[in-house]
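Here is a guided look at a complex, written to be read with the structure open beside it. Shall we start where the two chains meet?

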Amino acid sequence: MSEIVIAGNTSGSVTIAAPDVAGTTTLTLPATSGALVTDNGSGTVTATAFVGDGSGLTNLPIPPAGVTSLNGETGAIVNTDVYAIGSYINGRPRNNLNYPQGTVLSGASLSYAPTGASYYSYFRPDATSGSNIDFQTGNVGVGTWRSLGFCAPRTSNNPNFVATTTLWVRIS
Amino acid sequence: MKYTRVLNPSWANAEHTSINCDVDFDDLRDELVPFTAVASGDYEHSHQIFAECLADNYGAIAEYVAPPEPEYVAPPEPTKAELLAQLEALTAKINSL
């Protein structure tokens with residue numbers, strides 16, 4: 001085994017060794033000052049930070065244990081199960097008022113758009129009484145949700161379009 | 001999800017199966033967000049908040065208050081002039097065919 005031994009200033013030494021079957025390889029040292037990070041023979045590299053785009057990382061566990069942020073955002077790692085944090089619904093608050101984008105509501109205050117009466121995404125007057133808006137059914141009922149658009153109330157000049165909905169994302 | 005504060009618990013329905021409250025979650029930028037907690041079938045933090053509220057950890061749970069029924073405002077009946085204008089427009093369209 002070929003080695004280069006560099007003695008320490010006060011004691012000890014550092015040995016740079018080539019393997020017995022070395023092939024034809026080149027080890028290029030960085031052009032900047034700093035300490036090399038080693039695994040101490042354990043196979044685990046420990047450092048205080050990693051800076052890079054990470055596009056070449058593979059075999060990461062799902063969900064990645066200990067990961068606290070993705071794409072610069074902190075929060076729970078999301079999935080697309082119905083009512084999972086990070087999932088979406090099409091709905092509106094349980095009343096007939098305007099709501100701007102970014103509104104935050106509890107799940108108990110939110111209804112998802114009804115089905116059956118129409119394929120359009122709005123709430124219609126209750127078919128039985130003709131005077132109520134059926135917001136009380138389809139209650140979401142869990143968590144916290146943030147609106148991604150504007151929820152408009154029924155407009156008096158078009159009775160068929162009642163209380164338009166928007167997408168809501170669960171945030172907790 | 002981790003949280004540090006739970007405030008203003010109130011029953012979210014008459015059946016007392018869910019609780020509304022304001023929660024300060026560590027992972028959200030919002031200081032407090034409205035949250036509906038349930039006893040089971042949701043996330044662990046939801047079940048935990050429900051149990052803690054039930055144990056009066058955050059004060060008495062206020063009774064459920066049903067939201068007011070949304071008001072349906074009937075569209076105004078068209079006036080005679082408006083109906084005549086519509087009839088005139090339709091007649092003109094038919095005549096143009």
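## Salt bridges between the chains

Let's begin with a contact between side chains: Asp42(B) and Arg170(A) meet in a salt bridge, with 2.8 Å from N to O. This pair crosses from one chain to the other, as Asp42(B) lies in the loop between β3 and α1 (44–54) of chain B, while Arg170(A) belongs to strand β11 (residues 166–170) of chain A. Please keep in mind that you are looking at a predicted model. Are the two partners buried or exposed? Asp42(B) has a relative accessible area of 19% and therefore counts as buried, since the cut-off is under 20%. Arg170(A) is buried as well, with a relative accessible area of 1%.

A further salt bridge joins Arg146(A) to Asp30(B), and here the closest N and O atoms are 3.0 Å apart. It too runs between chains: Arg146(A) sits in strand β9 (residues 144–147) of chain A, and Asp30(B) is found in the loop between β2 and β3 of chain B. As background, side chains of opposite charge can pair when their charged atoms come close.

## A salt bridge within chain B

How many salt bridges does a search of the whole structure find? Over all chains, the count is four. One of them lies within chain B, where Arg5(B) pairs with Glu31(B) and the closest N and O atoms are 3.1 Å apart.

Arg5(B) counts as partly exposed, with 31% relative accessibility, whereas Glu31(B), at 56%, counts as exposed. Which residues are joined into one network by salt bridges that share partners? They are Arg5(B), Asp24(B) and Glu31(B).

## Chain B and its sheet

Stepping back to chain B, you will find two helices and three strands. Followed from the N terminus, the elements run β-β-β-α-α. The chain has 97 residues, of which 31% count as buried.

The strands make an open sheet of three, in the order β1-β2-β3 (chain B), with antiparallel pairing. At the edges are β1 (3–11) and β3 (33–38) of chain B, each of which pairs on one side only. From one strand to the next, the twist averages 35°. For a detail of the pairing, look at strand β2 (residues 18–25) of chain B, which meets β3(B) in the antiparallel sense over six bridges. There, Asp22(B) stands opposite Pro34(B) in β3(B).

## The five-stranded sheet of chain A

Now turn to chain A, where five strands form an open sheet in the order β6-β9-β11-β5-β7, and the pairing is antiparallel. Why is one side of β6 (104–106) and of β7 (110–112) of chain A left without a neighbour in the sheet? These strands stand at the edges and each has a single partner strand, so one side of each has no neighbour there. The twist in this sheet averages 50° from one strand to the next.

In general, strands of a sheet pair through backbone hydrogen bonds, either parallel or antiparallel.

## A nonpolar patch on chain A

Chain A also carries a nonpolar patch on the surface, formed by Ile4(A), Ile6(A), Val14(A) and Ile16(A), with about 370 Å² of accessible area together. The elements that give two or more residues to this patch are β1 (3–7) and β2 (13–17) of chain A. Ile16(A), for instance, has its place in strand β2 of chain A and is partly exposed, with a relative accessible area of 45%.

## Confidence

Finally, a word on the scores of this predicted model. The ipTM is 0.73 and the pTM is 0.61. Chain B averages a pLDDT of 91, and 93% of the residues score at least 70.

Terms used:
Residues numbered from 1 in each chain as written. Chains lettered and ligands numbered in written order. Predicted model: local features only at pLDDT ≥ 70, side-chain atom pairs only at ≥ 80, totals over all residues. Heavy atoms only, no water. pLDDT = per-residue confidence, 0-100. Patch = residues over 30% accessible without salt bridge, like charges linked within 9 Å, V, L, I, M, F, W, Y side chains within 5 Å. Areas by Shrake-Rupley, 256 points an atom, 1.4 Å probe, with all protein chains shown as cover. Helix = DSSP H or I, 4+ residues; strand = E, 2+ residues; numbered from the N terminus. Buried < 20%, exposed > 50% of the residue type's maximum accessible area, 1.4 Å probe, protein only. Pairing = 2+ DSSP bridges. Axes fitted to C-alpha atoms, helices over the stretch in contact; angles between N-to-C directions.
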